[in-house]
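Here is a protein model to look through.

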Amino acid sequence: MATLDVKIPDIGDFKNIPVIEVHVKAGDVLAPEDPMVTLESDKATMDVPAPVAGKVVEVLLKVGDRVSEGSLALRLETDSAASAGKPAAATEGAPQPMPPPAPQPPATAMPPVPDMPPARAIPPPLPLDFGNVHASPSVRRLARELGVDLTQITGSGEKSRITAADVKAFLQRSGGAGATAGGSGIPEIPAQDFAKFGPIEIKPLSRLRKLSGPHLHRAWLNVPHVTHTDETDITDLEAYRKMLDGAAKEKGYRVTLLSFLMKAAVSALKAHPDFNSSLSPDKSSLIHKKYYHIGVAVDTPDGLVVPVIKDVDRKGIVELSQELADVSRRMRDGKIAPTDIQGATFSISSLGGIGGTHFTPIVSAPEVAILGVVKATMKPVWNGSEFKPRLMLPLCVSYDHRVIDGASAARFTKQLADVMGDVRQLVL
Ligand code: CAO
């Protein structure tokens with residue numbers, strides 16, 4: 001028998017992130033890979049697994065504690081001296097990002113990808129933890145889903161444990177009113193007992209949606225948004241794209257408009273560097289980024305993810321198309337690494353494959369602008385002497401009005417439109 005101090009292993013760039021669930025207690029017998037605790041950052045939720053088998057002697061973390069790589073998690077009695085001799089944890093049992101729904105991402109536009117400290121002004125609507133209330137993780141989860149504050153409930157279970165029935169009864173009694181604690185400095189939408197009016201079914205949100213929600217909410221509330229719209233004639237570009245796409249299909253990938261949009265965005269970002277910037281945390285300066293990493297919204301069964309295509313300025317249309325195909329496949333399969341969704345300087349949300357005429361994407365703060373694209377349609381366009389059928393693509397640029405003025409937005413969008421309208425500017 002030996003005692004092993006189990007520490008939080010390498011969790012990427014995350015530091016000082018909260019423990020949201022502790023899955024073990026003293027006396028539990030763990031198998032390797034059994035989850036010990038769950039951590040939740042802005043960008044991802046991850047279970048930290050036991051590195052080896054053993055019996056829990058002491059749990060050294062509680063919900064609400066903040067941890068980084070190397071923080072002590074628990075003391076484990078193992079029957080293998082060899083495993084006890086290992087340097088505890090930091091490299092053992094790397095945390096397992098939850099399947100598809102796990103890593104966030106950040107965003108309607110864009111999930112989550114801030115590299116700067118998240119805005120602090122907006123606490124979550126309800127505490128992630130309800131302090132010392134006596135309730136199991138599943139009851140806590142139910143309370144969070146229903147917007148019920150467990151600290152307001154007296155439990156009817158053994159030793160005053162709060163049960164799921166207590167939570168539902170509380171919701172019914174309160175008629176919804178006062179069930180939630182407003183947390184954003186704005187009046188909370190009162191909870192309601194919808195079951196009073198007809199049958200209901202409660203479907204828990206995917207992890208992805210739970211994580212992206214606060215990011216979107218923060219961005220929506222912190223950024224004074226304006227959306228500028230324009231359109232561009234992509235008739236020639238589309239003919240060229242189809243030619244490339246035909247050849248690409250034979251090789252097993254597609255060339256879609258998105259790769260051209262990424263290149264056009266970089267061209268406009270270079271000419272208008274404020275669009276490739278972030279406000280400093282004290283809001284006294286602009287941080288201009290000299291790299292061009294474009295976040296691309298990808299629709300997955302669990303919600304929106306925004307992988308980041310790095311160094312778009314150094315890649316051609318073919319390379320971008322292949323990378324895009326690969327990354328969207330991985331996102332849809334839930335294979336998301338934290339590095340996939342970090343570092344965007346500007347984002348694109350394309351609904352063009354689905355439809356629409358316009359929309360107002362949400363800026364993925366701390367980025368300051370985002371391009372939304374909807375379906376290109378044939379329109380009669382006056383060329384000075386006659387109407388000609390042209391394929392017109394609507395462009396919707398939302399921007400942070402603290403950083404960008406309307407005139408700059410109009411110029412930026414026009415440049416995007418001009419580049420998309422002249423295929424020669426989009427070099428392979
Ligand atoms: N206008 C007209 N047709 C378009 C178009 C546009 N703007 N954009 C794409 N298309 C066409 C493509 O050419 C393709 O047609 P064919 O198969 O006939 O050649 C078809 O639509 C499908 O394209 P796609 O959407 O799969 O490919 P993409 O590279 O344009 O987009 C991706 C890839 C990952 C961005 C997309 O699949 C996706 O997930 N979009 C949703 C993003 C989203 O949800 N944004 C909202 C965020 S706010 O909640």
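Q: Is Glu386 buried, partly exposed or exposed?
A: This is a predicted model, and the classes rest on relative accessible area, with buried under 20% and exposed over 50%. Glu386 has a relative accessibility of 36%. That value lies in between, so Glu386 counts as partly exposed.

Q: Which side chain meets that of Glu386 in a salt bridge?
A: A salt bridge needs a side-chain nitrogen of Lys or Arg within 4 Å of a carboxyl oxygen of Asp or Glu. For Glu386 the N to O distance is 3.7 Å.

Q: Asp28 and Lys25 meet in a salt bridge; which of the two is buried?
A: Their side chains meet at 3.1 Å, N to O. Lys25 has a relative accessible area of 54% and is exposed. At 19% relative accessibility, the buried residue is Asp28.

Q: Which helix holds both Arg241 and Glu238?
A: The side chains of Arg241 and Glu238 form a salt bridge of 2.9 Å, N to O. Arg241 is buried at 10%, and Glu238 is buried at 14%. The two are three residues apart, and therefore about one helical turn apart, in helix α5.

Q: How many salt bridges does the structure hold?
A: Side chains of opposite charge can pair when their charged atoms come close. Among the pairs here is Asp28 with Lys25. The number of salt bridges in the structure is 20.

Note on methods
Residues are numbered from 1 along each chain as its sequence is written. This is a predicted model: local features need pLDDT of at least 70, side-chain atom pairs count only at pLDDT 80 or more; totals for chains, interfaces and linings use all residues. Side-chain values use heavy atoms; hydrogens and water are left out. Buried means under 20% relative accessible area, exposed over 50%, partly exposed in between (1.4 Å probe, protein chains only). Helices (H or I, at least four residues) and strands (E, at least two) are DSSP runs, numbered from the N terminus.
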